[in-house]
Amino acid sequence: MSVLDSPIPRFHLAVPVDDLDRARHFYGDVLGLDQGRSSDTWIDWNLHGHQFVTHLAPGRSEGVHNPVDGHDVPVPHFGLLLTIPEFHELADRLRAADTTFVIEPYLRFEGLPGEQWTMFLRDPAGNALEFKAFADDDQVFAA
């Protein structure tokens, strides 16, 4: 089944960036997303079947942080739930691109409900991204 055939609705998310060329390099070259339509002020991206848009918005403000599992997690943030192999492949790709992590890839809640690999980073405009992979997808919403 493709993402387009999935019973899970696809999302649309637009985020501000201060430089479209840097956004194009990061999302296209570093993360490997396919670029869709674009203009002088925005770029559409295929984020695993979801419509993700970077909009030119210079002068935006910084977000806040919340403590989670001994780390300062940036808020707001967004990302994807990947398979464990996809997670490690992306982590390797980001390291190869000399990405600075806000929170290095690590295993969170090991041996507990919701065990997951997670990592946080920022795009060139400062938007926070989290990518994670659950040991058991049935535990995504575990309490």
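Select L82 and A133 to begin: in this predicted model, A133 of β10 is the bridge partner of L82. Strand β10 covers residues 128-134 and pairs with β7 in the parallel sense, over 6 bridges.

**The sheet around β10**

Now display the rest of this sheet. Its 4 strands follow the order β7-β10-β9-β8, and the sheet is open with mixed pairing. At its edges are β7 (77-82) and β8 (101-108), each of which pairs on one side only. Viewed from strand to strand, neighbours are turned against each other by 15° on average, direction ignored.

Next, select residues 84-96, which form helix α2. This helix lies across β7, β8, β9 (116-122) and β10. Its direction runs at about 30° to that of β9.

Is R108 buried or exposed? With a relative accessibility of 5%, R108 counts as buried, because the cut-off for that class is under 20%.

Show the side chains of R108 and Y106: a polar contact of 3.3 Å joins them. Then display the residues that R108 touches beyond four places away in sequence. They are V68, D69, V73, G114, E115, Q116, T118, F120, E130 and K132.

For a distance across this region, pick the C-alpha atoms of R108 and A91. They are separated by 15 Å, and the two residues stand 17 apart along the chain.

**The sheet around β4**

Move to the other sheet by selecting A14 and V53. Within β4, V53 is the bridge partner of A14. The strands β1 and β4 (residues 50-56) run parallel and are joined by 6 bridges.

Colour the strands of this sheet separately. Which order do they follow? The order is β1-β4-β3-β2, in an open sheet of 4 strands with mixed pairing. Strands β1 (12-17) and β2 (34-38) stand at the edges; each has a single partner strand, so one side of each is left without a neighbour in the sheet. From one strand to the next, the twist averages 25°.

Finally, select helix α1, residues 20-30, which packs on this sheet. The helix touches β1, β2, β3 (42-47) and β4.

Definitions and conventions: Residues are numbered from 1 along each chain as its sequence is written. This is a predicted model: local features need pLDDT of at least 70, side-chain atom pairs count only at pLDDT 80 or more; totals for chains, interfaces and linings use all residues. Side-chain values use heavy atoms; hydrogens and water are left out. Two strands pair if DSSP finds at least two bridges between them. Helices (H or I, at least four residues) and strands (E, at least two) are DSSP runs, numbered from the N terminus. Axes are lines fitted to C-alpha atoms, for helices over the stretch in contact, and angles run from 0 to 180 degrees between N-to-C directions. Contact means heavy atoms within 4.5 Å. Buried means under 20% relative accessible area, exposed over 50%, partly exposed in between (1.4 Å probe, protein chains only). A polar contact is a pair of N or O atoms within 3.5 Å; within protein, one must be able to donate a hydrogen and the other to accept it, and residues adjacent in sequence count only if both atoms are side-chain atoms.
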